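Have a go at each task before reading its solution.

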Amino acid sequence: MDLIWDGLREAIHIIRTGDYSVWSITLRSLLVSGSAVLISLVLGVLAGAVLAFKDFRGRGILLSLVNTGMGLPPVAVGLLVAILLWRSGPLGHLRLIYTPTAMVAAQTIIATPIVTGFTAAALRHLDPRLRTQLYALGASRPQMLWVVLWEAKLPLLAAVMAGFGGAISEVGASMMVGGNLAGETRVLTTSVILEVSRGEFAPAIALSIILLVLIFIVNAILTTVQQQERM
Amino acid sequence: MKKIRFGMLVTALLLSFGLIACSSDNGTEKETVQPTSAATTQSTPSGTAAPATSTPVERSGPKDVIVATTTSTQDTGLLDVLVPLFEEESGYNVKVIAVGTGQALAMGGRGDADVMLVHAPASEKKVVDEGVGIDRRLVMHNDFVLLGPSSDPAGVQGTTVATDALAKIYEKGAAFVSRGDDSGTDKLEKALWKKANLDPNGQSWYEESGQGMGATLQIANQRDAYIMSDRGTYLATKENLSLTIVLEGDPGLLNAYSVMQVNPDKFDLVNGPGGKAFADFMVSDKAQSIIKDFGVDKYGQALFTPDAGKTYEQLGLATPFG
Amino acid sequence: MPAKISLRDVVVRRRKMEVLRVPALDVNEGEVLAVIGPNGAGKTTLLQVLALLDRPAGGEVLYDGARVRGRELSIRRRMALMMQDPLLLRRSVAENIATGLRLRGVSRSERKERIDRWLERFGVRHLAQRSAHKISGGEAHRVSLARAFALEPEVLLLDEPFAALDQPTRETLLDELAGALGETGLTTVFVTHDRSEALRLGDRVAVIVDGRVRQVDATAAVFAAPADEDVASLVGAETIVAGKCVSRGEGIASVRVGGHLIDAVARDGLPEDVLVVLRPEDVTLMKPGKHPPVSSARNHLHGTVTRITLMNYQARVSVDCGFPLVAFITKQSLEEMGLAVGGEIAATFKAHAVHLVARGAPGAAGELEASKTAP
């Protein structure tokens, strides 16, 4: 119990003194996971739209794969990406291993099935005749998609929240492809692991609290937007 | 109206993320991660702030140097002092990947690292024999200690020979936590059990964590168990532990650190010059003098003994590989 | 001048099965074409083809005489479609109208003007800023109407637009629609399963059964002279009985049906085996024993009342006079005559009211009675 109180006090102290390293780690977490979520948003929404609207053989299998992907173990993704990016791997010449870019890539792979699954579900939920009506109003296919996505923006915002939560909370993949390098690829989750292994529980708890608060703030903003759109 | 504002917000976010994420790739900021807990701040001989006087050397060719080392080395904090100094002087960007000894040597074996800094002489032989690790040089040494709960249920206190202590623990069936991860520490521990003609495998009181030294110490701490650790990690994490030293000083507990370059001729992507520069730095007078004093002001004693230039035999090892 | 929209040799398939085949169909400029048929007949499919939302597997669609292939989107932007469910978007009513206008490149000021005008026209201007999913069903249908008309299309297509509404609302909206159509003179195709709506709005009626157009003609013609049995029952001719044409002369044909000989108007090309088709409105009932009033009603039969069904404004009386006959009478007459099931009754109808249809496979070999007469 003392441990948690110490952690809380440490957290407040860090926030008040504005310790540089913690803020840069937090910023890096936000940037890496934020980028991953934005990329997965673009990819996931497009993929989700195709899955929802286009009838093709094997669509059922693909949907099952996407749903499986939503539960993909991040550490397995991390291992795969690491093997690819190691110098000894096929993409070694890209020199991306142990960089934030590699982390963004891994987190994007983790988040994209989540966004795809949510988007497909949200779009399938819409009345299929709506698309007919939009075409009749004079929409081209991209215009129709734009309107339909706007109609489904409530569940889509939920998709973004889920994707962001998954990306910023994961530690296995970030550890493996990032290497937890101070000043380069250290993020909140990997810092917690490091501090714990050093026996520094108070900073670990402080970092965990900051991570929780961060996720809460992002979700609060998105939820407010979502609820506002309810009109 | 609302739609336009929303669209602009999303575009702005996308742009700013993209820009900043790309720029943070440079890794030019070099800070230590420790939050303000006073315990972990280190003072370096050259002062606490990174000197701004000398500008970093401009490098052509690959700027990154990947150093594969062990978690125990990382956990001592020594590299947190040496690496920034090296980067400052050389202009290279060092990526220290701290894993178990087995993995560090395997990374070198695949060409996924430029230089290896490990402390498992017997295992290093293979890498050298294969021609993967070149120019192996002794850097420093420390020793291992046997830790245990203050209650000392197996009555190890006072023993001077490591194998005797292990025999007592075995007989008593006292809780013992091992690394179990094929690291240098782990190999040494297993070798000692073998020397004592005992096999703790499968015994209920013998646990393997599969993790780094720091994490395993925590586990042993929670369990009030015996554990073998390198002195450096122990001293660095001592105040978070309730374990104490129950045996030390046995010559068989010596822990020698060597630095080896990964042979650039064997792998296209290895940074030959970078690896060499780092290895040279580790045995340089500057680095050695830092190593000599490292830990004194904090623990009252140095964590390591600098050994550059010495032979392995001079240390008391039968061969360069243990 | 070519028809506004023409279909030639159109075939539509769903999952390898043919669901619609239209050798030829024209929608003329300025007319209201009502499309009726049973469920699953292909009415909606036909509308989708006309709306260029469904590309047929075979055949051509022509707009203003020219093939539409390759320019569907630009032509779609000259038409408007109203579906059974308004399917409004989750935004304000005004925004809903604006969406279509924006897609068609209408300028901002023009958009505003049209939105105001048409919302006003259909009595929902006060809902302009209300979110579209917070209005009632009837209001939503009005918005749907406004949305369609605001597009100022060249062709208006409606798919059972008021089917989901209650009777009084439906009738009100039908009136409004009729009014707006009359004012604008829009070319309109109107799909409905309610023949009274077809009767009300349609200049011409197309009857679809089983994916084939069985008859296309002026409304009155279709209702008075259905081409076959299916069409007959669709247009509400409730008496459809098999008979044999026994003689013909002086423009009158004698048909033996149910043990009687009745007079019908002779028509060329009728075979011996016919179907006698009679609308209930054309049958007059009177007390038996009364002498038939001196009129041109050449057919006078006696029978027994088998069933009486009370409807909105009338009573439907089924009579067995050797063959089943259905008549409508006012509720007042019902009371006055003291009709009851099992009672004796006399039925009278003119020869002109009797429509004869060749008996045999209906709709065989492209028999659509496309009358080229102007509506």
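**Exercise 1: around one helix**

α4(C) is followed by C:Gly123, whose phi is positive, near 70°. Helices here are DSSP runs (H or I, at least four residues), numbered from the N terminus. This is a predicted model, where local features need pLDDT of at least 70 and side-chain atom pairs count only at pLDDT 80 or more, while totals for chains, interfaces and linings use all residues. Residues are numbered from 1 along each chain as its sequence is written, and chains are lettered from A and ligands numbered from 1 in the order in which they are written.

Task: find which residues of α4(C) are buried, and where they lie around the axis.

Solution: 
1. Apply the cut-off: buried means 20 or more other C-beta atoms within 10 Å of the residue's own, exposed 12 or fewer, partly exposed in between, with C-beta atoms placed from the backbone.
2. C:Ile115, C:Trp118 and C:Leu119 are the buried ones in α4(C).
3. Down the axis of α4(C), these fall within an arc of 100° (taken from the directions from the helix axis to the C-beta atoms), so they line one face of the helix.
4. The face turned away from that buried side carries exposed C:Ser109 and C:Glu110.

**Exercise 2: chain C against chain A**

Task: work out how many residues of chain C are in contact with chain A.

Solution: 
1. Count a contact when two C-beta atoms, placed from the backbone, lie within 7 Å.
2. This gives 16 residues of chain C in contact with 15 of chain A.
3. On the chain C side, α2 (72-76) and α3 each give two or more residues.
4. α3(C) gives the most, with three residues.
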